[in-house]
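Thanks for coming. I will keep this short and go through a few places in one structure.

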Amino acid sequence: MKMYGLLISSLLLLSVYSLSAAGQVAGVEENTFYVAVNGDDSWSGRLSQPNAERTDGPFATLRAACRTARSSQVIVQAGQYFFDETLVLDNRNAGLTIESAPGTSACLLGGRKIEGWKKDGETFYAAALPGVKEGQWDFRALIVNGRYCPRARLPEKGFFTHLSHFKVPWMSTTGGGWKRKPTREELTTLKYRPGDIGPWLDVHNAELTIYHMWDESLVGVKAMNGASRTLTFAKPSGHPPGAFGVNKYVIWNIREGMTQPGQWYLDRTVGKLVYWPLPGEDMAKAEVFAPTIESIIRIQGAKENPSRDITLRGLTLSVTTTPLETGGFGAGRYDGAVSVSFAENCRLLGLEIVNVGGQGIKASGNNLRIERCRVHHVGACGIRCRGDGCVVADNYIHDVGLTYPSAIALQGGGKDCRISHNEIHDCPYTAINCGGERNHIEHNLIYHAMTELHDGGGIYCFAGKGLVLRGNFIRDIIDTGGYGASAYYLDERSENCLVEGNLSVGVVRPSHNHMAHTNTIRNNVFVSDSDVRITFPKSSDYIFEKNIIRARGKIILENSDAVTALRRNVLFSIDGIVQSRKLKGYSRTGDDSLESGENNVFTNPMLVEYESGRVTFMVDSPAIKLGIEPIDVSDAGPGFRYQSEQ
């Protein structure tokens with residue numbers, strides 16, 4: 001993977017520049033300032049290149065340009081620009097546009113280039129980093145020759161199993177969480193197995209990921225007691241180790257975890273960065289970046305005076321870090337490479353955000369637009385956007401949660417927002433999460449989500465009111481255990497939502513509904529080469545109509561008593577088993593065989609085609625007789641195709 005994909009960025013810029021009004025381009029000379037790597041902050045910034053006498057030309061830094069331009073246009077020429085502190089834009093910058101020069105991509109880096117590598121033992125290289133030993137510089141992301149490099153870890157693969165337990169019932173989020181509040185000791189200690197950890201563990205360097213059900217806690221180590229085989233955390237974890245019956249953990253950032261080329265660790269004890277080069281990698285020529293800041297650009301308004309009408313277009317942003325603290329649900333506490341708060345009518349267009357330690361974009365405000373951005377290889381979430389009247393569309397998000405597996409690829413919320421035509425894949429937890437009111441989640445393409453954690457889905461909605469999920473295509477989500485994985489998931493307090501005209505392929509639980517009420521699931525197609533489960537625990541007043549389920553194995557409807565209208569569906573099990581499973585709470589109390597009849601039929605739906613997203617029927621399909629409409633979700637995903645990585 002090439003770090004900054006100039007071809008990708010050029011394609012993005014060509015698309016995004018077409019969004020600009022002709023008047024903006026025509027007025028470029030009068031209202032435009034320039035930034036270039038060969039510029040000087042003492043110059044006027046009015047020229048795109050230095051003049052012959054080198055007495056005037058572009059600025060050298062974006063900070064100087066924005067201070068001068070305020071509400072004009074800033075064009076950043078191709079090159080790398082390093083930031084040692086966040087560039088903050090506020091309400092004084094109303095009307096400001098910052099963009100890459102046409103046909104190029106300016107790369108903004110929130111870190112430093114690391115040089116001075118020397119051999120450290122037989123296979124490793126090390127570079128001294130001033131300030132690390134004193135605690136003045138700490139990071140958990142490293143970029144080498146365009147790669148987001150994995151940290152040293154133990155065990156080499158998989159997980160350790162700890163011996164801590166927390167058997168207190170979880171009463172649901174709506175029910176207030178834990179039946180008994182965990183003590184500080186329960187949140188700060190872990191008992192490990194004999195042989196997993198020895199006196200070699202350097203507590204100054206070691207960090208632990210404690211896995212829970214739908215999230216994790218990343219914690220530092222304060223102390224180790226070898227006699228009791230107990231680790232004490234520097235700060236409390238989000239949930240106690242052993243909660244939900246999960247006993248997995250991983251140790252990061254220790255020399256003993258350097259088991260393969262490409263790994264690294266930050267040795268805080270002696271103040272150096274240690275890296276194991278890939279075969280053929282020359283550290284004298286390697287481009288290594290270590291982050292120094294959490295956010296590169298922050299658009300920061302105030303509740304009573306929002307930042308307005310600021311546009312970022314066509315830029316590449318890379319190299320940020322996160323603090324050593326637990327991220328909470330969806331790894332939501334971390335900052336974004338681009339951060340927006342208390343803003344109105346701001347636009348993020350055609351950005352590429354790659355190789356950042358925290359969120360790609362973290363935004364809140366009203367009438368925000370995040371369009372045609374590519375966000376990938378990030379430690380936490382791809383895009384988080386909450387507000388009223390926001391649009392998140394035509395983005396390509398993949399390879400998220402590289403440090404924090406609870407990261408959500410795209411999270412929305414607020415009111416009257418649109419999340420549409422995004423392509424999302426390779427995320428360890430949920431692809432799209434959204435609550436709020438009257439939000440539309442439409443025509444998104446999602447695959448290979450939920451690869452690591454549980455109790456989420458391709459599209460997961462919590463406390464949504466009047467949400468519409470329509471025309472989405474979700475495929476290839478594997479249930480890895482725990483509380484499961486779903487395609488379309490309406491969770492606690494989701495009410496009056498509509499799930500209509502969607503397709504899922506290769507998902508055992510295409511529709512999961514938990515403590516949700518008065519929702520409609522209509523005219524969807526769910527196809528699986530194994531079983532299919534449609535689940536309604538602790539839910540009520542559902543309409544389930546005109547859907548097609550085609551399963552090679554069994555079809556099971558769990559707590560079908562929650563469905564007040566079960567009609568005109570085609571439920572086809574190749575194994576010939578269609579069941580209604582009775583539940584009391586979450587416990588199975590019995591099974592009934594559903595019977596085919598006038599309202600629901602158990603025959604072959606006679607699908608002609610579905611894998612492309614265009615679902616069609618044979619002329620004598622029972623679906624036609626039941627009034628089920630063919631669906632076409634072949635347009636799910638961005639309206640144009642991003643250049644694939646080579």
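Let me begin with Ala-234, which has a relative accessible area of 45% and so counts as partly exposed. Keep in mind that this is a predicted model. Ala-234 sits in the loop that runs from strand E17 (230-233) to strand E18 (248-252). What does Ala-234 contact, leaving aside its neighbours within four places in sequence? The partners are Gly-220, Val-221 and Lys-222. For a sense of distance, Ala-234 and Gly-121 are 113 residues apart along the chain, and their C-alpha atoms are separated by 30 Å.

Next, Arg-112. This residue belongs to strand E7, residues 111-113. Is Arg-112 buried, exposed or partly exposed? Its relative accessibility is 44%, which lies between the 20% and 50% cut-offs, so Arg-112 is partly exposed. Not counting residues up to four places away in sequence, Arg-112 touches Phe-82, Trp-137, Val-288, Phe-289, Ala-290 and Thr-292. Leu-594 is 482 residues from Arg-112 along the chain, with 64 Å between the two C-alpha atoms.

The largest nonpolar core has 114 residues. Which of them touch the most other members? Those are Leu-62, Ile-98 and Leu-315. Take Leu-62: with residues up to four places away in sequence not counted, Leu-62 touches Val-35, Val-74, Val-76, Phe-83, Leu-87, Ile-98 and Leu-108. There is also a second, separate core of 20 residues, and among them are Tyr-447, Leu-503, Leu-626 and Val-633.

That is what I have for today.

Key. Residues are numbered from 1 along each chain as its sequence is written. This is a predicted model: local features need pLDDT of at least 70, side-chain atom pairs count only at pLDDT 80 or more; totals for chains, interfaces and linings use all residues. Side-chain values use heavy atoms; hydrogens and water are left out. Helices (H or I, at least four residues) and strands (E, at least two) are DSSP runs, numbered from the N terminus. Buried means under 20% relative accessible area, exposed over 50%, partly exposed in between (1.4 Å probe, protein chains only). Contact means heavy atoms within 4.5 Å. A nonpolar core is a set of buried Ala, Val, Leu, Ile, Met, Phe, Trp, Tyr and Cys residues joined through side-chain atoms within 4.5 Å.
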